Amino acid sequence: MNPVQPCAPHTVPSLGAAVCSQAPSEVFAPSVEPTASLGLSSPTLKSTPLAATGLLLTACGGGSGGSGGSENGTNSASAPSDAEAVRFLNQAGFSASAESIAAVKASGFANWLDSQLDLPVQAITRYDWMVANGYAVEANRSNFTGTDNAIWLKLMSSPDPVRQRMTLALSEIFVVSMQGLPIEWRGLCMAHYADLLEKNAFGTYRQLLQEVTLSVGMGSYLNMLGNRKEDTFTGRVPDENYAREVMQLFSIGLVQLNSDGTPRLNNGQTIDSYSPQDISQLASVFTGWERDRVDAMDYAHVTRPMKHNTANFQTGDKTVLGTTIAGSLSGPQALSLALDTLANHPNVGPFMGRQLIQRFTMSHPSPAYVGRVAAVFNNNGRGVRGDLKATLRAVLLDSEVRAAPSGNASGRLREPVHRFVQWGRSFGITSTTGRWAIGDTSDPASRLGQSPWRSPSVFNFFRPGYVPPGHELAANQITAPEFQLLNESTVAGYLNYMQSVIGNGIASGDVTANYAHELSLAADAPKLLAHLNLRLAADAIPATTLSELSTAVATISAANATGQLNRVKAAILLVMACPEYLIQK
């Protein structure tokens, strides 16, 4: 099968519409002779690159509402079906295995989730793995050699998928990116920052905020590292970068919010949540922090919190969001009070809750859903604020998301990285050398157009409030953040990359998948497609489409082992190109 080529722009159906109802034969013509790659010919995609990705949330209304209720959803009296179990597993983690499906059906959503949330943090860290595998050497002092390897190792093979999914979600909120980390030992620093998010994924928001703020990675990325008090002689003032972004992106957002995440209004206008004065005052609080290291070769300093140098701290009283931070407090005391002020702001629950909903379950949650999650963030039932474990539990077990998908804005476009990790985990990929040399997948033309911990800026790969312009989503103000990554080039790049990795593995075959179970079904194309529809798409692809896909796959001869393998690979690619797969509901 030859690479997909981008096509001319065209009208895109609304999200959730059965875009795959366009006959697959128009995308992969079953009448042609199979080629040697995946066994299917590659006719021109006509108007399919956007159509073939399943692109838009149907653009009216919010989610299905809901009113709390049973933690196991609307069907709590009976065990979940296979499809319900897969849908839950794909939301909570990345993939569904036969074993995890059986476990969810046997114990129910809540019990299975609790068992995952109670797993300890894995002993091996990304940082430790890099050191143990020889990456902590002078030659790597100013590069990221080995960092992608350590990140993919965890995403693809760590036995705690829910924690890994939460870690990835937090990396897209508390952003530190390899695209802007000009620091010595930057690769090890990035690995440790990912470890920090993993360690705190199920802790408290306040502790996470503290560790993020004092990390060398964040200190370097947003200029708190080396931030110094004002100098009236030179005109130097404290750097405001972290002070601004910790409020805008990591805690309270730009405008004051109601408890359900909707903006508070004054005479019909939104109300700013902080002022320029708050930024400058908070910047003064964040002065005096520097590396805690012995010498330039002390690479382990990237794992230690920054230390405070009183000589560089801005003295005097400061006022942040109405809270006075007395000049008598030390730098660490002032920072602690400032972070307490941010963490206790009423915006934080709905601001963080909505973003976690978007990263796990749906792009445009109803205010009621956001409000229920925010309420748990505010109080986990035992008087604890900011319990991230309880908050995630509320996100995944809420009645609105556990009910059968309904409402025109339900669901979310799967991030390219999520699709890729799902493929890896679903088909048991392994690395022969143990090096996981998947590398940087950022190239939109030839790879995924997204790579973990490599966002282009502190604003992540996409904004939580992004509304795709020019069609029903814009007309109805439906947020769909992942669509900010979507264009005809990235659609074609994704399909071409997945064709390559499904067909040939990665890194000259070092990273390969195991299709043994699928090969046992290869002789029966409908059965093979039904299996993949369940495991990858939670039975979301309709029967008419499956029939057409089966017809296409059946044109590949299964008379020998090569033909059977080509059938399996083609079937996986076809399912992963279907709109009902790409839009996760």
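The following paragraphs lead from the overall architecture of the chain to two of its residues, Q248 and K585.

The structure is a predicted model, in which local features need pLDDT of at least 70, side-chain atom pairs count only at pLDDT 80 or more, and totals for chains, interfaces and linings use all residues. Residues are numbered from 1 along each chain as its sequence is written, and side-chain values use heavy atoms, with hydrogens and water left out.

The protein chain contains 25 helices and 10 strands; these are DSSP runs numbered from the N terminus, helices being H or I with at least four residues and strands E with at least two. Of its 585 residues, 57% are buried, where buried means under 20% relative accessible area, exposed over 50%, and partly exposed in between (1.4 Å probe, protein chains only). The chain exposes about 21,100 Å², of which carbon and sulfur atoms supply 52%; accessible areas come from the Shrake-Rupley method with a 1.4 Å probe, and for residues only the protein chains shown count as cover. Among contacts (heavy atoms within 4.5 Å) between residues at least 6 apart in sequence, 75% join residues at least 24 apart.

Q248 belongs to helix α11, which spans residues 241-248. Q248 counts as buried because its relative accessible area is 12%. Leaving aside residues up to four places away in sequence, Q248 touches G253, L254, Y274, F351, F459 and R463.

K585 lies in the segment that follows β10 (583-584). With a relative accessibility of 28%, K585 is therefore classed as partly exposed. The C-alpha atoms of K585 and A540 are 8.3 Å apart in space, while the two residues are 45 residues apart in sequence.
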